[in-house]
Amino acid sequence: VGVSDYQVQHLKELEGFATLPIAVNQVEWHPYKHDDDLQAYCRKHGIALQAWSPLSGQHGSVLKDAAIEKVAEAHNVSTAQAVLRWALQRDVSVVVGTADVAHMKSDLD
């Protein structure tokens, strides 16, 4: 079972009546918006976190952020690659979309 945009209190409510375990919680997750308490709860309960907006969101794109540009440059990668790696290194899977095959391949590097 997957849910979207559930916070800790929502997940706790489900514990009382859910007949199947929650496998994934898809949330907005990027350097401008992430919830460490939610991540800890999900990790403790075996719920995967998945970022539905790893490069931008309600707070705008992170791709032109000076700090992220500096990190990307230091590692010789694009800002998109740096942000995606940031999420993956925190055990958050990512959902990205593009019609450009070259762009898709570079996101996977």
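How many of the 10 residues of α4 are buried? I looked this up and found eight, so α4 is largely enclosed by the rest of the structure. Buried here stands for under 20% relative accessible area, exposed for over 50%, with a 1.4 Å probe and protein chains only. I listed the buried residues of α4 as T79, A80, Q81, A82, V83, L84, W86 and A87.

Notes on the model. This is a predicted model, in which local features need pLDDT of at least 70 and side-chain atom pairs count only at pLDDT 80 or more, while totals for chains, interfaces and linings use all residues. Residues are numbered from 1 along each chain as its sequence is written, and side-chain values use heavy atoms, with hydrogens and water left out. Helices (H or I, at least four residues) and strands (E, at least two) are DSSP runs, numbered from the N terminus.

Entry on α3. I checked the start of α3 and found a side-chain oxygen of D65 within 2.9 Å of the backbone nitrogen of A67. A polar contact is a pair of N or O atoms within 3.5 Å; within protein, one must be able to donate a hydrogen and the other to accept it, and residues adjacent in sequence count only if both atoms are side-chain atoms.

Entry on the loops. Most residues other than glycine have a negative phi. I noted that N76, not a glycine, has a positive phi of about 55°. N76 lies in the loop between α3 (66-74) and α4 (79-88) and is exposed, at 72% relative accessible area. D91, also not a glycine, has a positive phi of about 60°. I placed D91 in the loop between α4 and β4 (92-94); D91 is exposed, at 56% relative accessibility.
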